Amino acid sequence: MSKITAAITGVSGHVPDYVMTNKELEGLVETNDEWITSRTGIRERRILKEEGQGTSHIAVPAVLELLKKTNTKPEEVDLLICATTTPDMVFPATANLITAEVGAVNAFGYDLQAACSGFLYALVTGSKFVESGQYKKVIIVGADKMSSIVDYTDRATCIIFGDGGGAVMLEPNTEGLGVQDSILKSDGTGAPFLHMKAGGSRKPATIETVQAREHFAFQEGQQVFKFAVKGMADVSAEVMERNNLTGDDVAWLVPHQANKRIIEATANRMGLSNDKVMLNIHKYGNTTSGTIPLCLWEYESHLKKGDNLILAAFGGGFTWGAIYLKWAYDPK
């Protein structure tokens with residue numbers, strides 16, 4: 001019997017309609033378009049403005065599109081994992097809200113939180129359920145409404161983040177396609193450099209924490225940049241080396257869209273030219289768990305069956321990792 005691997009058989013994405021440009025941010029904090037673009041590569045980002053809407057309202061359209069594209073009935077879905085840092089609420093899980101909304105009545109679901117590396121963690125986790133032979137259709141969602149935890153008086157963070165997300169379908173494959181290898185890492189000593197100060201069980205919400213603006217993402221940019229460059233580059237090079245891949249063998253780098261300079265440093269370490277790097281940070285900014293599926297969605301028409309892809313990310317906590325996968329289908 002051929003070995004079962006977990007292959008991506010479809011991808012979808014969704015971003016809110018509202019476009020927040022660098023020019024708009026100039027009216028909120030002391031910054032300008034040239035400064036933001038030169039340091040991050042970001043020109044605009046999408047923001048979910050509608051009252052009472054959360055991450056699930058980004059994920060649901062993506063999942064519905066995915067079901068349609070893969071000719072999957074909602075009741076055929078076995079499992080849905082939602083990678084997110086901004087769940088609709090502490091409980092129930094956003095994954096369960098999504099399955100209910102799309103009609104996936106036979107699926108169980110749960111959320112996975114690993115900051116910007118969440119989609120990678122979820123993809124590897126979901127692949128194990130498929131590889132074991134237990135499940136046939138597993139949906140991995142990566143989505144975040146980062147505007148809900150961004151302080152728009154803090155120049156260090158508000159220029160970076162946006163809202164958006166995507167989803168992929170994982171199904172069994174016996175052709176040797178799909179997820180081939182992965183390296184996932186974490187180091188909690190990085191927590192002081194990128195975290196949210198209040199709102200958890202250690203420091204529950206009070207009038208004082210709200211007034212002190214402690215329910216927003218806090219980032220010490222230089223430290224995060226330094227760790228991210230090394231982390232993403234190291235694991236990407238390592239997963240290539242242990243699978244005997246050179247830059248010529250890799251069709252695409254699918255990097256987390258945090259900062260264009262971090263992406264370029266990772267590509268250089270891998271020996272890849274810029275035309276092999278998926279890039280949409282200029283349009284969407286950093287959507288945290290949403291960046292990698294949004295890249296796959298936008299570049300889907302460029303992917304060919306058998307292409308070698310390296311997915312790489314770095315996130316708060318710190319978390320980071322890389323996945324080597326072989327693309328499983330040709331453009332439709």
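Me: Helices (H or I, at least four residues) and strands (E, at least two) are DSSP runs, numbered from the N terminus. In this predicted model, between which two elements is the loop that holds Pro92?

Reply: The model is predicted, and Pro92 has a place in one of its loops. The strand on one side is β4, residues 79-83. The helix α4 covers residues 94-102.

Me: Which residue is joined to Pro92 by a cis peptide bond?

Reply: The bond has an omega of about 5 degrees. The partner of Pro92 in this cis peptide bond is Phe91.

Me: A cis peptide bond also joins Gly317 and Phe318; what is its omega?

Reply: Phe318 is in the loop between β12 (308-315) and β13 (319-326). The cis bond that joins Phe318 to Gly317 has an omega of about -5 degrees.

Me: Asn71 is not a glycine; what is its positive phi?

Reply: Asn71 sits in the loop between α3 and β4. Although Asn71 is not a glycine, its phi is positive, at about 50 degrees.

Me: How are the axes of α3 and α4 oriented to each other: roughly parallel, roughly antiparallel, roughly perpendicular or oblique?

Reply: Helix α3 (residues 56-69) and helix α4 (residues 94-102) have axes that come within 9 Å and cross at roughly 50 degrees. Angles under 35 degrees count as roughly parallel and 65 to 115 as roughly perpendicular. The angle therefore makes α3, relative to α4, oblique.

Me: Is the crossing of α3 and α4 left-handed or right-handed, and how many residues of their contact are nonpolar?

Reply: The crossing is right-handed. Residues in the contact include Val60, Val63 and Leu67 of α3, and Thr94, Leu97 and Glu101 of α4. Two of the contact residues are polar and one is charged, and the number that are nonpolar is eight.

Me: How much area do domain 1 and domain 2 bury between them?

Reply: The chain is divided into domain 1 (5-177) and domain 2 (180-327), with C-alpha centres 14 Å apart. Their contact takes 52 residues from domain 1 and 48 residues from domain 2. Carbon and sulfur atoms carry 63% of the buried area, which comes to about 3,900 Å².

Me: Which residues of domain 1 lose the most area to domain 2?

Reply: Three residues of domain 1 stand out, and together they give 17% of what that side buries. They are Cys116, Leu120 and Leu177.

Note on methods. Residues are numbered from 1 along each chain as its sequence is written. This is a predicted model: local features need pLDDT of at least 70, side-chain atom pairs count only at pLDDT 80 or more; totals for chains, interfaces and linings use all residues. Side-chain values use heavy atoms; hydrogens and water are left out. Axes are lines fitted to C-alpha atoms, for helices over the stretch in contact, and angles run from 0 to 180 degrees between N-to-C directions. Angles under 35 degrees count as roughly parallel, over 145 as roughly antiparallel, 65 to 115 as roughly perpendicular and the rest as oblique. A crossing is left-handed if the near helix is turned anticlockwise from the far one by less than a right angle, and right-handed if clockwise. Contact means heavy atoms within 4.5 Å. Ala, Val, Leu, Ile, Met, Phe, Trp, Tyr, Cys and Pro count as nonpolar, Asp, Glu, Lys and Arg as charged, and the others, Gly among them, as polar. Domain bounds come from an automatic or database domain assignment. Buried area is the accessible area (1.4 Å probe) that two parts lose on being put together, summed over both.
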